[in-house]
Amino acid sequence: SSAAAASASGSSAITHEGNVKPATGTASGATAGSATGGTGVCGPEQTLKGTQSLVKFSDCANVDQMMAMVTDFDNDNFGMLDLFEDCAHAYEKDPLHGGKSAMDCMKILHNIILDDTEGGATSTNTNAKGEALSDKVSQAISTLAHHLYEDAESFCECSANINKETPTCSSFINFKTLLFEAVDACKSLDAIDCAAWEEFYTPCKQNLIQMFDKVDFDNAAQCSYVESQCGGAGPFPAFRRLDCGGEIAKSAWDFHTMYSRGCLKSSTPLSPSGSSSGTVPVSPTPAVHPTPAVHPPPTPAKPYTPSPPKHFEPWKPTNTDEKKPYYAPNDDKEVKPEAPKSYGSSHSTRTLHFFRNTFFLLLIVCGAGYIYVKKRRENFNYARFRAMRQNRNYGGGLHPSGSGEYAGVSMMEDSCSFEPPTLPPTPSSTMI
């Protein structure tokens, strides 16, 4: 049946054909839980499950239980939510995205909240054809849109789980239709959220740098600027899940990571639309009186018992220690420490070395002189020297003619005498 198929997967084209209502039949023909025209009469177990689902959905979506159960919802009459879903389906499945961008679809969802916040409830009071909707349907549309834009991950998980638990029977058919619409809206957001952020990132970063000169999300003014349509870049995109790391460009997702670390420092994430979004309409709930906490009696503390002191026993060698052989160290590898040297011994050693070095130096010089003289005598030509003496005539010079340099000079032994000069007499001798 159409309702049974949609209960597992959410809203679909089949469930968008109009109201899903139980078929009319005779009381005798309808049995508990039997399928009659797509729905059946709720049995006791189904009634219990449906009631529990109503309570859970009321807590997570702030929807009045009675309104969700008795309001005659129609899948084709959820106002601008239907336009948002049609836009997302076309972007995901049609060629060239059906001529739409992801931010076009995000603007439709944002405008539902914006119109409701500013008092112009055009988006929630009329359907896609411009026909007026009832107040309860308008309230349901506003509630779903706010939760989808402000806290999509928690709201969508809650809606999907409750949709699986809610039976498809006549008593809960209106509530089931509301769940179908919530699940379909969540799937539509999941189809465009990452692409919308990538489209939002490029103009937003340019506007942010132009406005503040650099990106610094530790500055609260930059956080407010980005959340408030970022200088005309468009509404801040909502996310079904923060799982866009592998679907869009790394630079775009790094920009969101910087925003999260700088602007969403608290444990509770801020709303993605910042100050432009209003509060979610909440149905009044009865006050809950807290019950006093019951504290168990304190258990007595266990008394402290000191441990007995340990008795000291001297070490005694065991049999293993006595029989252990001794291995002498290797003499080759043993390094003996040097004996300390005194200042006097060092000084005497240096003096001894000085005299020894001087002696060897003199010995080397004398040996070199002796060798030089010896070599010179060995090379001396005595024959030539004698010839020169015989040829040299000290009386007449070297030339026989007697016209040499020493002509007229007698060099004979007998002619050579030395006469000292005669000194004048002393004064004493003259006075005598």
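## Helix H9 and its end

Helix H9 is followed by Asp 213, whose phi is positive, near 75°. Helix H9 spans residues 173–212 and bends by about 40° at Ile 192. The bend at a residue is the angle between axes fitted to the seven residues ending there and the seven starting there. Helices (H or I, at least four residues) and strands (E, at least two) are DSSP runs, numbered from the N terminus.

## Basis of the model

This is a predicted model, in which local features need pLDDT of at least 70 and side-chain atom pairs count only at pLDDT 80 or more, while totals for chains, interfaces and linings use all residues. Residues are numbered from 1 along each chain as its sequence is written, and side-chain values use heavy atoms, with hydrogens and water left out.

## Disulfides

A disulfide is a covalent bond between the sulfur atoms of two cysteines. Here it is assigned to a pair of cysteine sulfur atoms within 2.5 Å, and by this rule the count comes to 7 disulfides. One of them joins Cys 87 to Cys 105, with an S to S distance of 2.0 Å. Cys 87 lies in helix H4 (residues 80–93) and Cys 105 in helix H5 (residues 102–118), so this pair ties together parts that are 18 residues apart in sequence. The torsion about the S-S bond of Cys 87 and Cys 105 is about -80°, so the disulfide is left-handed. Cys 87 is buried at a relative accessible area of 5%, and Cys 105 is buried at 0%. Buried means under 20% relative accessible area, exposed over 50%, and partly exposed in between (1.4 Å probe, protein chains only).

Cys 204 is joined to Cys 230 by a disulfide with an S to S distance of 2.0 Å. About the S-S bond of Cys 204 and Cys 230 the torsion is about 85°, so this disulfide is right-handed. Cys 204 lies in helix H9 and Cys 230 in the loop between H10 and H11, so the pair ties together parts that are 26 residues apart in sequence. The relative accessible area is 0% for Cys 204, which is buried, and Cys 230 also counts as buried at 0%.

## Salt bridges

A salt bridge is a side-chain nitrogen of Lys or Arg within 4 Å of a carboxyl oxygen of Asp or Glu; by this rule the count comes to 6 salt bridges. Among them, the side chains of Glu 157 and Arg 240 meet at 3.2 Å, N to O. Glu 157 lies in helix H8 (residues 152–165) and Arg 240 in the loop between H10 and H11, so the pair ties together parts that are 83 residues apart in sequence. Glu 157 is partly exposed at 34% relative accessibility, whereas Arg 240 is buried at a relative accessible area of 6%.

The side chain of Glu 157 also meets that of Arg 241 in a salt bridge of 3.7 Å, N to O. Arg 241 is partly exposed, with 32% relative accessibility. Arg 241 and Asp 190 form a salt bridge through their side chains, at 3.7 Å, N to O. Arg 241 lies in the loop between H10 and H11 and Asp 190 in helix H9, so this pair ties together parts that are 51 residues apart in sequence. Salt bridges that share partners join Glu 157, Asp 190, Arg 240 and Arg 241 into one network.

## Aromatic pairs

Rings of Phe, Tyr and Trp (its six-membered ring) pair if their centres lie within 6.5 Å; planes under 30 degrees apart count as stacked, over 60 as edge-to-face and the rest as tilted. The structure holds 15 aromatic pairs. One of them, formed by Phe 217 and Phe 255, is edge-to-face, with 5.4 Å centre to centre and 70° between the planes. Phe 217 lies in the loop between H9 and helix H10 (220–227) and Phe 255 in helix H11 (residues 250–263), so the pair ties together parts that are 38 residues apart in sequence. Phe 217 and Phe 255 are both buried. Ring pairs link a cluster that includes Trp 197, Phe 236, Trp 253 and Tyr 259.

## Nonpolar surface

Phe 359, Phe 360 and Leu 363 make a nonpolar surface patch of about 330 Å². Patches are made of residues with over 30% relative accessible area and no salt bridge: like charges are joined within 9 Å, and nonpolar side chains (Val, Leu, Ile, Met, Phe, Trp, Tyr) within 5 Å. Accessible areas come from the Shrake-Rupley method with a 1.4 Å probe; for residues, only the protein chains shown count as cover. Phe 359 is found in helix H13 (residues 343–378) and is exposed, with a relative accessible area of 52%.
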